[in-house]
Amino acid sequence: MTSTRRRKALSAMVMACCAGSVLLALVPLGFVLFFVVSQGIRSINLAFFTHLPLPVGEPGGGMANAIVGTLIVSGLAAAMAVPIGVLSGIYMAEYAGTRLAGLMRFAADTLNGVPSIVIGLFAYVVAVLPFKQFSALAGGFALGVMMIPIIARTTEQLLLLVPGAIRDGALALGATRARAVFGVVVPAALPGIVTGIVLALARIAGETAPLMFTAFNNRFFSTSLKQPISTLTVQVFTYATGPYEDWHRQAWAGALVLVSIVLGCSLLARLATRRLERMHTRS
Amino acid sequence: MPRSRSRNQSRFRIGTGAFGLILIGIVFAIGIVLTVESLASMRRFGWDFWRTDVWDPVAGEFGALPFIWGTLYSAVLALIMATPVALGIAIFVSELSPAALRQPLVFLTELLAAIPSIVYGLWGIFVLVPAVRALESATPAALRALPLFSGPPLGLGMLSAGLVLAVMVVPFMSSVSREVLRSVPVGQREGAYALGATRFEAIRAVVFYARTGIIGAIMLGFGRALGETMAVAMVIGNNPRVSLSLFAPQYTMAAVIANEFTEAADELYLSALVEIGLVLFVITLLVNTLSRLLIWSMNRSRRRVTTRKPAAVTA
């Protein structure tokens, strides 16, 4: 009897530990969000969005160039990664059993695990060294490389969700495989694929390491793809590690903008997937 | 007609396959490009590069031992702190949590994973490091005599790096192990309960059943921790010295590349940094491949029809 009681007590204790670890993990999340929001709100103002950085040591100014830069570099990355990612995802789903598809899956998972700083080195050698010039293009290339495997795997998984009968129906009506895939299967999975792309964008927009020696940084407003360009993340890093109080203030403001982007995208994606799931369960 | 049809088919296959080949090509290209660029350093230093611990770019001396040490030390430290918490979360969410709480918890942990590294770094510098410094100052002198806690209380150092890494790795590890636990057949739990097991005993059976996959999940987290750059570079103190002390500022492979690459003026310096990157690439490749094999072998041994969820952007 006592042994049963002991077993039950032990069980309850372990359960409590599990619940405790959930709370423990939420503590840093709460802390990070609290500081980013409280410090960020105090620091953010209209100038942050509309002004350029001022010369070193002068308080004030903003990150208008960095915000535009992040948009440009992420856009370039998407332009490169979406076609490659989606089409290789289609191959992996359509020819799922083949050896090539297996190899692609392995390559995608591998690439996904490569540290972002290593991707930065790769992009430096491929896209900076030959032109002897840091550039927005090189930054977009680095982020694009990181984005490809995410999009490819998401596309593959979503296409596999589309009921086989839909595809077979198209084929039975005499459609070619390409017609069936692009006309029927892909559209059925499209909302999910777009959601996946948005999430991937949110993730790479927060990357710093691959940009430090590809896009580099630029104190001035630039939209040229062949020039170094400023990005939010690199700018936050520069300001956070710098010696000035006002720089720290702006770093917090930049962090708030970054976190809002990520949070907004995650929430949007969450809502979209919930709608999708409901659609799937109904059909 | 049949002929043009089959030509269409193969054109579709080749067209999409070509893009997949780009994906495969990139992985190979990374390995090749980094190897070629680090040849100069390999020729000059050979294996001594990884055995010596003097890093003095001005004098042209490059020994990468402190970086390997710092990378492994910080990752192992993070793992020790993160594993119990991550497993606790995974067990709670997959086995214990009321259904209504499950989705929000999954969402919150995913949110934790989505916060950019640079934000963790910023938080690390201005919030965590001062707290760690206070903790270090409050450490009793008797403890400070131990090599593990020696050195001045700077705040910036191995302990801060380990903590930041642990926070960053937990959500990733818990979401992978949650998936692993989900793939354990219900019969395992029911069998345990049928034998009169308490909740803990049933869960122990489930975890034991899933052990290979869970080890895989932990190793995936290890791979993440090895390659993490910005947050670590901002809090570890960036001092290339091999030290056992948690309080000592140290350095990691990823951090030295991030900090010094743009300053590296001469060919040899650049090449040495690229070689560090190459080794980091190879290590993470091995760790990730091994862990995927573990998870895969577990899923294969007992494949079960699970309902797949859309938008599985978990990695």
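This is a predicted model: local features need pLDDT of at least 70, side-chain atom pairs count only at pLDDT 80 or more; totals for chains, interfaces and linings use all residues.
The predictor gives the complex an ipTM of 0.90 and a pTM of 0.90. Chain A has ten helices and zero strands, while chain B has twelve helices and two strands.

**Chain A**

- Along the sequence, the elements of chain A follow the pattern α-α-α-α-α-α-α-α-α-α.
- Taken along the principal axes, the C-alpha atoms of chain A fill a box of roughly 70 × 70 × 35 Å.

- Helix α8 of chain A covers residues 177-205, which is 29 residues.
- A straight helix would reach 42 Å at 1.5 Å a residue, but the end C-alpha atoms of α8(A) are only 36 Å apart.
- Where does α8(A) bend? The bend is at A:L190 and comes to about 55°.

**Chain B**

- From the N terminus on, the elements of chain B run α-β-β-α-α-α-α-α-α-α-α-α-α-α.
- The C-alpha trace of chain B spans about 65 × 65 × 30 Å along its principal axes.
- Chain B has a mean pLDDT of 88, and 93% of its residues reach 70 or more.
- Over residues 304-315 of chain B, pLDDT stays under 50. For this stretch the model has 25 contacts beyond four places in sequence.

**Two packed helices in chain B**

- Two packed helices are described by the angle between their axes and the distance between the axes.
- Helix α7 (residues 186-194) and helix α8 (residues 199-209) of chain B pack at an angle of about 145°, and their axes are 9 Å apart.
- The crossing of α7(B) past α8(B) is right-handed.
- On the α7(B) side, the residues that meet α8(B) are B:Q188, B:R189, B:A192 and B:Y193.
- On the α8(B) side, their partners are B:E201, B:A202, B:A205, B:V206 and B:Y209.
- By class, this contact of α7(B) with α8(B) has six nonpolar, one polar and two charged residues.

**Where the chains meet**

- How many residues of chain A are in contact with chain B? There are 86, and they touch 75 residues of chain B.
- Several elements of chain A give two or more residues to the side that touches chain B, among them α1 (2-43), α3 (64-94), α6 (136-161) and α10 (245-282).
- By class, the side of chain A that touches chain B has 59 nonpolar, 20 polar and seven charged residues.

How values were computed
Residues are numbered from 1 along each chain as its sequence is written. Chains are lettered from A and ligands numbered from 1 in the order in which they are written. Helices (H or I, at least four residues) and strands (E, at least two) are DSSP runs, numbered from the N terminus. The expected span of a helix is 1.5 Å times one less than its number of residues. The bend at a residue is the angle between axes fitted to the seven residues ending there and the seven starting there. pLDDT is the predictor's confidence in each residue, from 0 to 100. Two residues are in contact if their C-beta atoms, placed from the backbone, lie within 7 Å. Ala, Val, Leu, Ile, Met, Phe, Trp, Tyr, Cys and Pro count as nonpolar, Asp, Glu, Lys and Arg as charged, and the others, Gly among them, as polar. Axes are lines fitted to C-alpha atoms, for helices over the stretch in contact, and angles run from 0 to 180 degrees between N-to-C directions. A crossing is left-handed if the near helix is turned anticlockwise from the far one by less than a right angle, and right-handed if clockwise.
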